[in-house]
Amino acid sequence: MSNPVFFTPPGSLDHMTAGRAFVLDGTEARHAVTVKRLAPGEPVDIVDGAGTRMSGRVLTASPAALEVECTSLAVEERPAIRLVLVQALAKGDRDELAIETATELGIDAVIPWQSERSIVRWKGDRAAKAHAKWQSVVAAAAKQARRAWVPEVRPAVDTAALAGLVEAAGLAIILHEDAVRPLRTVLETWQGRDGTEPCEVLLIVGPEGGISPREVTRLCGKGALTALLGHHVLRSSTAGPAAVVLASDVLGRWTAPLP
């Protein structure tokens, strides 16, 4: 069974070596002691959210601080082919469900998209609060999945800004019910799938009402491809995670063991 995971700020594990003690404090320490009930002698992982994982055993435990002896330190490299979920804003927290599940499945970054048909709107103070909520959702999901990397939640974009991101990506795929080619075929025939150079694959998911024809035309004009995920119409909260699973398999992201 994998060790429970707790977060520390990026860089705080950089100088750790086997045998040294690390002190975790703040809310993470309180959670470890009062919720997880960790006690001296139990194994635990401390990660910095930027790829570094320290495994160790608890030396002392109090609500104020958790002292952990380092037994090993590893840096988990980011995959060469990085998956980015472009999730249209959706009502009923379905967009949050999508990014939560995608994080547990291994997404590398998420981008909130204010599409034409999005009922939810991020404006003013609400935009900052909503973005912070997405960051919180992603962080909690990364902890649940015992990940050393916390996916980046990038700034929200409209369709004009998304078109620019499509143009710069290694591959951009619009998950669309009217597409002809299956997602697997699009991924398998992609020329950059050998992973020799770092690049990003954008998986673009529309809102409840779907992506408008005008948006599809605009994004495809910048190089995006449409792909069919299955025979049935999936919810906005389901399509992205399903695509992450298939893309991770086809692109070999799940075959290489972690350090």
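E96 counts as buried, at 15% relative accessibility (buried means under 20% relative accessible area, exposed over 50%, partly exposed in between, with a 1.4 Å probe and protein chains only). K133 counts as partly exposed, at 40% relative accessibility. The side chains of E96 and K133 meet in a salt bridge, 3.3 Å from N to O (a side-chain nitrogen of Lys or Arg within 4 Å of a carboxyl oxygen of Asp or Glu). E96 belongs to helix α2 (residues 94–105) and K133 to helix α3, so the pair ties together parts that are 37 residues apart in sequence. Helices (H or I, at least four residues) and strands (E, at least two) are DSSP runs, numbered from the N terminus.

The model is predicted: local features need pLDDT of at least 70 and side-chain atom pairs count only at pLDDT 80 or more, while totals for chains, interfaces and linings use all residues. Residues are numbered from 1 along each chain as its sequence is written, and side-chain values use heavy atoms, with hydrogens and water left out.

## Other salt bridges

The count of salt bridges comes to 12. In one of them, the side chains of R253 and D108 meet at 2.8 Å, N to O. This pair links distant parts of the chain, 145 residues apart: R253 is in the segment after α7 (236–250), and D108 is in the loop between α2 and β7 (109–114). Both R253 and D108 are buried.

E116 forms a salt bridge with R214, and their closest N and O atoms are 3.0 Å apart. E116 sits in the loop between β7 and α3 and R214 in helix α6 (residues 213–221), 98 residues apart. E116 counts as partly exposed at 35% relative accessibility, whereas R214 counts as exposed at 62%. A network of salt bridges links D45, R53 and E76.

## Helix α1

In helix α1 (residues 26–35), the buried residues are E28, A29, A32 and V33. Seen down the axis of α1, these residues fall within an arc of 120 degrees, so they line one face of the helix; the arc is that of the directions from the helix axis to the C-beta atoms. An α-helix has 3.6 residues a turn, so residues three or four places apart point the same way.

The cover over the buried residues of α1 includes β1 (5–7), β2 (21–25), β4 (52–62), β5 (65–75) and α3 (124–144), where contact means heavy atoms within 4.5 Å. After α1 comes R37, with a positive phi near 60 degrees.
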